[in-house]
Amino acid sequence: MAKNLLSINDLTKKDILDLIAFSNNFIDEDGNFRKEDLFPDKIVANVFCEPSTRTKMSFAVAAGNLGCNVLDFDVDTSSVQKGESIFETIDALNLMGVDLCVLRHPESVIRDLAEHLPKMVFINAGEGSISHPTQALLDMKTIIDHKSDLDGLKIVIVGDLDHSRVTSSFVEGVSNFDIDSLVFCGHPEMCQKYQNTDFGIYEPDIDKALKDADVIMTLRIQYERFEKDLNLDLDSYKSAYQLSSEKLGYAKGDAIIMHPGPVNYVEITESVYDSENSVIRQQIANGVAVRMAVLSRFLSS
Ligand code: CP
């Protein structure tokens with residue numbers, strides 16, 4: 001396995017399946033996370049230069065469960081506010097003896113950092129709209145938990161795909177498997193990268209897109225990454241793309257509904273979020289188990 005987890009493409013299909021299987025060991029029969037004092041001499045720094053709840057907190061919980069010392073780097077009170085670059089910042093952590101850096105950053109800086117600081121291990125926790133590998137791992141684990149395999153599934157991704165690092169890493173991850181079909185659906189201005197690909201089909205009509213779906217992944221509109229104002233009418237948007245109980249009726253009866261969060265009920269109704277098809281809250285819990293597996297593997301390598 002590579003020394004750092006910068007992209008899902010750093011993992012083979014076997015690595016992906018091994019990490020998912022390994023993550024299952026960290027959940028006991030009652031659904032609680034095991035606490036193992038495996039790495040009491042390791043220091044993990046959580047460096048998040050963009051907002052996060054799930055990823056940042058689940059890495060902190062995962063590292064704590066493994067007995068690591070966890071540093072919660074607060075960018076707002078750091079010397080980044082005095083003009084220090086991310087390179088000098090992470091080098092300072094490296095010189096203090098931090099073993100592993102979990103980094104979320106709006107720009108593609110993680111590869112340069114990993115190259116220039118070879119003693120540190122880097123785990124990508126979100127890189128602009130480019131990649132979010134641990135999210136893809138927890139998404140694939142959640143699907144396997146419910147469908148036992150990724151092979152043969154019809155997977156539909158609905159929403160703002162162009163700005164979604166969740167989509168790009170997920171697409172890279174599932175390319176290792178023999179899925180039946182990958183369907184992209186959403187406002188044409190938010191799916192420009194996905195209208196002509198050789199790995200999936202773009203279908204702007206959500207009723208057609210959802211027909212016989214096994215897995216439906218919904219995504220929020222990432223206003224913070226828009227370069228121009230789309231002048232969206234939210235009511236029209238919801239009418240066309242919001243996953244409602246009525247639209248869900250086009251999918252298979254046992255379809256699972258996913259969302260990486262944060263959820264704000266534009267892309268999905270509250271009743272669908274709360275429905276028995278929804279596995280969104282399981283995705284959050286799986287994030288801890290998967291990150292325990294990732295930290296264990298990469299701290300051991
Ligand atoms: N899924 C995800 O990355 O959520 P956060 O932004 O809350 O970490």
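User: Hi! Is Glu88 buried, exposed or partly exposed, and what is its relative accessible area?
Analyst: Glu88 is partly exposed, at a relative accessible area of 45%. Buried means under 20%, exposed over 50%, and partly exposed in between, with a 1.4 Å probe and protein chains only. This is a predicted model, where local features need pLDDT of at least 70, side-chain atom pairs count only at pLDDT 80 or more, and totals for chains, interfaces and linings use all residues. Residues are numbered from 1 along each chain as its sequence is written, and side-chain values use heavy atoms, with hydrogens and water left out.

User: Thanks! Which helix is Glu88 in?
Analyst: Glu88 belongs to helix H3, residues 86-95. Helices (H or I, at least four residues) and strands (E, at least two) are DSSP runs, numbered from the N terminus.

User: And how far is Glu88 from Thr167?
Analyst: Their C-alpha atoms are separated by 31 Å, and the two residues are 79 apart along the chain. Thr167 is one of the buried residues of H6.

User: Oh, why is H6 said to be largely enclosed?
Analyst: Helix H6 (residues 165-174) is largely enclosed by the rest of the structure because nine of its ten residues are buried. Among them are Val166, Phe170 and Val174.

User: What happens at the start of H6?
Analyst: There, a side-chain oxygen of Ser164 comes to within 3.3 Å of the backbone nitrogen of Val166.

User: New topic: which residues surround the ligand?
Analyst: Around the ligand are Ser52, Thr53, Arg54, Thr55, Arg104, His132, Gln135, Pro260 and Gly261. Each has a heavy atom within 4 Å of the ligand.

User: How many of that shell are nonpolar, polar or charged?
Analyst: One is nonpolar, six are polar and two are charged.

User: Which atom of His132 lies 2.9 Å from a ligand oxygen?
Analyst: An N or O atom in the side chain of His132 does.

User: How much of the ligand does the protein cover?
Analyst: The protein covers 90% of the 260 Å² of accessible area that the ligand has on its own. Those areas come from the Shrake-Rupley method with a 1.4 Å probe.

User: Last one: where is Glu107, and is it buried or exposed?
Analyst: Glu107 is in the loop between strand S3 (100-105) and helix H4 (110-116). Glu107 counts as exposed, at 52% relative accessibility.

Conventions: A polar contact is a pair of N or O atoms within 3.5 Å; within protein, one must be able to donate a hydrogen and the other to accept it, and residues adjacent in sequence count only if both atoms are side-chain atoms. Ala, Val, Leu, Ile, Met, Phe, Trp, Tyr, Cys and Pro count as nonpolar, Asp, Glu, Lys and Arg as charged, and the others, Gly among them, as polar.
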